[in-house]
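Open the model in your viewer and keep the selection panel at hand. This tour goes from the domains to their contact, then to the ligand.

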Amino acid sequence: MTTGPDAKALRERCAREMAGHPRDYLGVRRDAAGFGWLREAFLAVRREDFVPDRVWWPHLEDGACPLIDRALAPRAWLKSVYLLRTPLITQLDDGATAATGPAVGAFTSSISSITVTVEALRVLAPQPGERVLEIGTGTGYSAALLARRTGPGTVTSIEISADLAEAARRRLDRAGAGVRVIAGDGEAGHSEGGPYQRIIATASVRRIPPAWIAQLAPGGTLVVPLASPFGCDLTVRLTAVGDGRVTGRPVATVEYMRLRGQRVPEAGQSYGWPADTDPEQWARYTITADARGQTVALDDDRPTP
Ligand SMILES: C[S@@+](CC[C@H](N)C(=O)[O-])C[C@H]1O[C@@H](n2cnc3c(N)ncnc32)[C@H](O)[C@@H]1O
């Protein structure tokens with residue numbers, strides 16, 4: 001099914017809206033240079049080629065998520081593909097619920113919204129030629145954007161759901177992206193392809209897996225949605241300081257699906273947060289992690305009243 005000119009026009013409109021927005025979602029003035037490659041990648045990658053023909057709308061209507069079926073409603077489907085702020089659900093209940101109609105279930109895979117994807121990649125700031133590991137291939141869309149920047153043969157992406165990994169591999173190959181898709185548990189990373197200059201997770205964690213720290217090159221950047229005691233995840237940018245530790249701060253509040261092995265709810269203190277936390281200060285916590293675990297501490301640099 002072709003979506004040619006319509007999809008291109010929608011892509012251009014999204015790019016205009018993102019570029020025209022003077023501030024990113026952190027409220028920081030957008031760095032035009034940092035956004036340039038993303039704009040080019042966003043315009044070059046046909047998002048509609050990465051979205052399955054049937055997806056669930058992530059909001060309940062009559063108690064269930066409506067199914068958007070490309071064959072039955074091609075225009076609604078394409079419009080939903082190019083909504084800036086809406087993720088589309090591509091799997092419920094780890095695949096146990098078939099995409100045959102409206103459904104209720106746990107969201108276990110999605111194509112993240114355009115703004116969430118673009119902002120996470122902007123925070124990652126990959127450079128041409130760098131080796132990148134992505135955990136959570138999903139549809140393959142974010143891997144395609146990444147490879148557009150770093151080049152063919154540089155991106156390895158891991159997806160735990162074998163069906164999704166296979167579908168993403170096919171889409172990425174068709175797009176000529178040169179991304180290596182591995183079906184497996186991304187919590188272990190992929191040491192054969194490392195060390196990586198950049199690692200990005202598109203599923204959130206309570207604990208930063210030691211394998212990711214071990215496979216990050218000294219000076220490398222790890223961007224990961226980290227669970228917090230604040231009722232949201234935090235996009236955290238960490239740097240490998242070279243002595244087996246990564247350290248950094250949250251740069252945004254966000255919501256992601258949990259990494260499969262870390263779904264069981266736990267109190268923040270069991271994964272490094274202090275007993276008393278202040279949601280107003282979410283951006284001032286420093287996260288430090290190594291092979292033994294992680295700590296989260298409020299920086300003591302608040303101005304004295
Ligand atoms: C928000 S979706 C990814 C979106 C994706 N980057 C895209 O552009 O379509 C999160 C993905 O992480 C995957 N996932 C969850 N736990 C995982 C794990 N332990 N290893 C690898 N993938 C995992 C889920 O199956 C899901 O497909």
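A salt bridge here is a side-chain nitrogen of Lys or Arg within 4 Å of a carboxyl oxygen of Asp or Glu. Keep that cut-off in mind; the model is predicted.

**Stop 1: the two domains.** Select 4–111 and colour it as domain 1, then select 127–298 and colour it as domain 2. Their C-alpha centres lie 21 Å apart. Domain 1 puts 21 residues into the contact, and domain 2 puts in 20 residues.

**Stop 2: the contact.** Show the surface between the domains. About 1800 Å² is buried there, with 66% of it on carbon and sulfur atoms. How many salt bridges are counted between domain 1 and domain 2? The count is three. Zoom in on R148 and E40, which form a salt bridge with their closest N and O atoms 2.8 Å apart.

**Stop 3: the ligand.** Select the 24 residues around the ligand. Which of them come nearest? They are S109, T139, S142, E159 and G186.

Next, look for nitrogen atoms of the ligand. One is 2.8 Å from an N or O atom in the side chain of D185. A polar backbone atom of G136 is 3.1 Å from a ligand nitrogen. Finish at T202, where a polar side-chain atom lies 3.4 Å from a nitrogen atom of the ligand.

Methods:
Residues are numbered from 1 along each chain as its sequence is written. This is a predicted model: local features need pLDDT of at least 70, side-chain atom pairs count only at pLDDT 80 or more; totals for chains, interfaces and linings use all residues. Side-chain values use heavy atoms; hydrogens and water are left out. Domain bounds come from an automatic or database domain assignment. Contact means heavy atoms within 4.5 Å. Buried area is the accessible area (1.4 Å probe) that two parts lose on being put together, summed over both. A residue is near a molecule or strand if one of its heavy atoms lies within 4 Å of it. A polar contact is a pair of N or O atoms within 3.5 Å; within protein, one must be able to donate a hydrogen and the other to accept it, and residues adjacent in sequence count only if both atoms are side-chain atoms.
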